[in-house]
Amino acid sequence: MLPAEHSEASRDLQERARLGFGGAGRLDRMIASEMLWGSVAQAIIAVAVARDWPRESHGAFRNAIRLLANQYDDPRLLTFFDSAEKLHQNFYHSNLNAIEVAMRSEQAERLVPRLLSFVA
């Protein structure tokens, strides 16, 4: 896929996650958490494709975030990525309460447009 296609997938997953958070149950939070993680992952892949960086693993995602944080002197990228990873873990372990999901979702949502701004 091209960077634009990954960018579109990222925005689509972000919107679906927002709709999923409208549910009140734990399962709704788990699914929406994973969709938001997917949104972040697709945004990272868009950047990686545009820059011809490795993108085949979770470790490659973390490395891309480190490179971007250093390049743009923006440590928030690391913090926001950490929140996205916690949301990913929440899908498997349902270990975040509603307040934690909300806080980490806000940070992950802020990461997506920042990442997509690096694609252009």
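Predicted model: local features only at pLDDT ≥ 70, side-chain atom pairs only at ≥ 80, totals over all residues.
1. Helix axes are here lines fitted to C-alpha atoms over the stretch in contact, and the angles between them run from 0 to 180 degrees between N-to-C directions.

2. Sorted by class, the contact of H4 with H5 holds eight nonpolar, five polar and six charged residues.

3. As for the overall fold, the secondary structure of the chain amounts to five helices and zero strands, and the pattern read along the sequence is α-α-α-α-α. The chain has a radius of gyration of 14 Å, close to the 14 Å that the globule rule gives for 120 residues, so it is as compact as a globular protein of that length. The C-alpha trace spans about 40 × 25 × 20 Å along its principal axes.

4. Two totals for the chain may be set beside these dimensions. Of the 120 residues, 45% count as buried, and among the contacts with a separation of 6 or more, 63% are accounted for by residues 24 or more positions apart.

5. Helix H2 (residues 26-51) also packs against helix H4 (residues 76-93), at an angle of about 135 degrees and with the axes 8 Å apart. That angle makes H2 oblique to H4, and the crossing of the two is left-handed. On the H2 side the contact involves Arg29, Met30, Ile31, Ser33, Glu34, Leu36, Trp37, Val40 and Ile44, while H4 contributes Phe81, Ala84, Glu85, Leu87, His88, Asn90, Phe91 and Tyr92. By class, the contact of H2 with H4 has eleven nonpolar, three polar and three charged residues.

6. With H3, H2 packs at an angle of about 70 degrees, the axes being 10 Å apart, and the two helices are therefore roughly perpendicular to each other. H2 passes H3 in a left-handed crossing. Here Trp37, Ala41, Ile44, Ile45, Val47 and Arg51 in H2 meet His58, Phe61, Ala64, Ile65, Leu68 and Gln71 in H3, and by class the contact of H2 with H3 has nine nonpolar, two polar and one charged residues.

7. The backbone has two residues to check. Most residues other than glycine have a negative phi. Asp73, however, in the loop between helix H3 (58-71) and H4, has a phi near 50 degrees, a positive value in a residue other than glycine. Ser94, found in the loop between H4 and helix H5 (98-117), has a positive phi near 45 degrees.

8. Are these two residues buried or exposed? Asp73 is exposed, with a relative accessible area of 66%, whereas Ser94 is buried, with a relative accessible area of 15%; the cut-offs that apply are over 50% for exposed and under 20% for buried.

Note on methods
Residues numbered from 1 in each chain as written. Heavy atoms only, no water. Helix = DSSP H or I, 4+ residues; strand = E, 2+ residues; numbered from the N terminus. Parallel < 35°, antiparallel > 145°, perpendicular 65-115°, else oblique. Left-handed = near helix turned anticlockwise from the far one by under 90°. Contact = heavy atoms within 4.5 Å. Nonpolar A, V, L, I, M, F, W, Y, C, P; charged D, E, K, R; others polar. Rg over C-alpha atoms; globule rule 2.2 N^0.38 Å. Buried < 20%, exposed > 50% of the residue type's maximum accessible area, 1.4 Å probe, protein only.
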